Amino acid sequence: MQNAVNIKKKYDIIVVGGGHAGCEAALVASRMGFSVLVVTMTIDDIAGMPCNPAIGGLAKGQLVREVDALGGEMGRVIDETGIQFKMLNKSKGPAVWSPRAQADKKSYHKRMLKALREQNGLDIIEAEATGIIVEGGRVVGVEINGGEKISAERVILALGTFPNGLMHIGEKKIPGGRRGEPAAHGLSNQLASMGFEKRRLKTGTPPRLKKKSVDFSKCEPQPGDINPSPFSFRTTGIDRDQILCYVTYTNKDVHELITRNIDRAPIYSGQIEGTGPRYCPSIEDKVVRFSEKERHQLFLEPEGLESEEIYVNGLATSLPVDIQEEMIKHIRGLEDARIVKYGYAIEYDFFPPHQIYSSLESKRVSGLYFAGQVNGTSGYEEAAAQGIMAGINASLALRGESPFVLRRNEAYIGVLIDDLVTKEIDEPYRMFTSRAEYRLLLRQDNADERLLKYAVRYGILPKEQWENAIRRRKRVINAEIRLSRETITKDICNKALKEVGGKEVGEAKRAGDLLSRPEVELSMIEKYLPDGPLKLSERDKRSLEIRVKYSGYIKRQEKMAERFVRMDMMKIPRNFSYMDIGALSIEAREKMEKFKPETLGQASRIAGVRAADLSIIMVMLEKGRKEKRG
């Protein structure tokens, strides 16, 4: 990293913001051979975790694996700095298994900062980006600290919750992007003056407790996995001690306290204008919306191996400090707990993403990209996913190449970005497995098979990485073929089935047919294979088991995806005028003009666009193509 005095006056790409989106954008653009400058308000908060100290989770774990397969850094950093690892949803089908890890916040920051500092062609400066410089409809640089100008061919805005950020604790309002950090006003206001639509969202965080003041003996211990799965495909294994997390619960007394003081909660007093996340509500919102529930689960999560702070996951609040103090004392295990940081809500500006293309480039200003919470998303993982895509696309544009757009059947990242550019964002967007129609194809275990080829194609990762993935896939397929051929005798089949209470068979069975039964695991029958055990790693065995057990479902989703791809291959010109097509419904015309879909597939996913409207557009597209040819 260069010091501020050595910062150049011109870069290929400037990334504004040093959060999870900004880090991935900057690193991938540098790895693709371009000079990059990161502008951040404070280097000490690069890759910070102002909310929960964890990476991954339901659907989010898939995003981290995909970022890693594209050559990102988040997976490797959490593998090196995680203090507890768990694979979630193991009791359900593999389509919804998701890795999650508690992070050591300070170590995570240091490790990500190290990656940035050691990356060739990447500089960092502590400054506030107060504006972008635009000439002829194209961005040409960034203004910092209200005056100094730095030129760039492309600019990526990864602004987090800083644009006009306003924190709330009870009746108290504190301008800021997060606790202890100032809000950013100039850039957000400038974008609005240029015609960008901006709106307000809200998110929140819970109080942090002094570790020594918590009585963990009254709480339920939550250990990590005995054999943790790494996030990164480049991590060979994780072999270190893991910490315990704990669970406790709210109760009737807590709920009554909140109800009595609900008029002092900013989200109910009218003090907060922005919309909060429906799927991650504050504790006061939970008590009001789910009044029939007698308790809500709380996770006590250490913020690091040497940290004295415990994050109370599930207790996000913006209630006044006196109510927070009293609320904590009513919770089992926290009766004598001391709050070291109070919970707060934060409102901030975002720019609805119907204003960007699937490449994350602005429709209004050429060369300007938006990534992360500025697009209305929540979560470190959603931010990182957008960051790496913005970085790749800004770099491809400099090379004169076509944008890189992942389809919904290729990646959760494809689902995320497609949702952003085709749906109204009226609350912080959070990724869920249920949002992915083809989630059995988009499992956390096969992200490398799906996406490594792109990282190699664009020069982000070496070719050997993709070759390793191909060899792994061949090993699994060959093992699947072997199971389809080898026969296990009737007696051995029934012996194995008896162990798990399965229904006996009347004849010998192919090993694959036996494994396809839901109650049968590979470990049960592998020892009985005529040609001996499979020579596969544990990870390969899991993949094999999934392929065999879910082959029918996988084939059905693959056929569905083929039909989807055909619609998504039908491009719509950017200058296509919907208002001139009288046969379209008024709602369809308005929605299509607003969202400007890039493909017929995208058009089909815009609310208010009917099948009849799609047919009309298809006819007009075909007519336009014939006129071009003719």
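Biologist: In H11, which residues are buried?

Modeller: Buried means under 20% relative accessible area, exposed means over 50%, and partly exposed is in between (1.4 Å probe, protein chains only). In H11 the buried residues are Tyr412, Ile413, Gly414, Val415, Leu416, Ile417, Asp418, Asp419, Leu420, Val421 and Thr422. That is 11 of the 11 residues of this helix (residues 412-422), so the rest of the structure largely encloses it. Please keep in mind that this is a predicted model: local features need pLDDT of at least 70, side-chain atom pairs count only at pLDDT 80 or more, while totals for chains, interfaces and linings use all residues. Residues are numbered from 1 along each chain as its sequence is written, and side-chain values use heavy atoms, with hydrogens and water left out.

Biologist: What covers the buried residues of H11?

Modeller: First, the naming: helices (H or I, at least four residues) and strands (E, at least two) are DSSP runs, numbered from the N terminus. The cover of the buried H11 residues includes helix H2 (60-69), helix H10 (380-399), helix H19 (586-595) and helix H20 (600-604).

Biologist: Which residues does His109 touch?

Modeller: Contact means heavy atoms within 4.5 Å. Not counting residues up to four places away in sequence, His109 touches Ile43, Asp44, Asp45, Ile46 and Ala47. His109 is part of helix H4 (residues 105-118) and counts as buried, at 14% relative accessibility.

Biologist: Now a sheet, please. In what order do the three strands stand?

Modeller: Strands of a sheet pair through backbone hydrogen bonds, either parallel or antiparallel. Here two strands pair if DSSP finds at least two bridges between them. The order is E3-E5-E4 in an open, antiparallel sheet. Strand E3 (54-56) and strand E4 (82-88) are at the edges with a single partner strand each, so one side of each has no neighbour in the sheet. On average, neighbouring strands of this sheet are turned by 20 degrees against each other, direction ignored. E3 pairs with strand E5 (residues 98-103) over three bridges, and Ile55 stands opposite Ala101 in E5.

Biologist: Which helix lies across E3, E4 and E5?

Modeller: That is helix H3 (residues 74-81), which runs at about 115 degrees to E4. Axes are lines fitted to C-alpha atoms, for helices over the stretch in contact, and angles run from 0 to 180 degrees between N-to-C directions.

Biologist: How many salt bridges does the count come to?

Modeller: Side chains of opposite charge can pair when their charged atoms come close. The rule asks for a side-chain nitrogen of Lys or Arg within 4 Å of a carboxyl oxygen of Asp or Glu, and by it the count comes to 47 salt bridges. One of them joins Arg234 and Asp68, whose closest N and O atoms are 2.8 Å apart. This pair links distant parts of the chain, 166 residues apart: Arg234 is in the loop between strand E14 (220-222) and strand E15 (245-249), and Asp68 is in helix H2. Arg234 is partly exposed at 22% relative accessible area, whereas Asp68 is buried at 1%.

Biologist: Which residue forms a salt bridge with Glu526?

Modeller: Lys541 does, with the closest N and O atoms 3.2 Å apart. Glu526 sits in the loop between helix H16 (522-525) and helix H17 (538-549), and Lys541 in helix H17, so the pair ties together parts 15 residues apart in sequence. Elsewhere, a network of salt bridges links Arg408, Asp418, Asp419, Lys423, Glu437, Asp568 and Arg605.

Biologist: Which residues touch the most other members in the largest nonpolar core?

Modeller: A nonpolar core is a set of buried Ala, Val, Leu, Ile, Met, Phe, Trp, Tyr and Cys residues joined through side-chain atoms within 4.5 Å. Of the 115 residues in the largest one, Ile14, Leu157, Leu368 and Ile413 touch the most other members. H10 gives this core its largest share, 10 residues.

Biologist: And how many aromatic pairs does the count come to?

Modeller: Rings of Phe, Tyr and Trp (its six-membered ring) pair if their centres lie within 6.5 Å; planes under 30 degrees apart count as stacked, over 60 as edge-to-face and the rest as tilted. The count comes to nine aromatic pairs. Among them, Phe196 and Phe351 are edge-to-face, 6.4 Å centre to centre with 85 degrees between the planes. Both Phe196 and Phe351 are buried. The pair of Phe404 and Tyr454 is tilted, at 4.9 Å centre to centre and 45 degrees between the planes.
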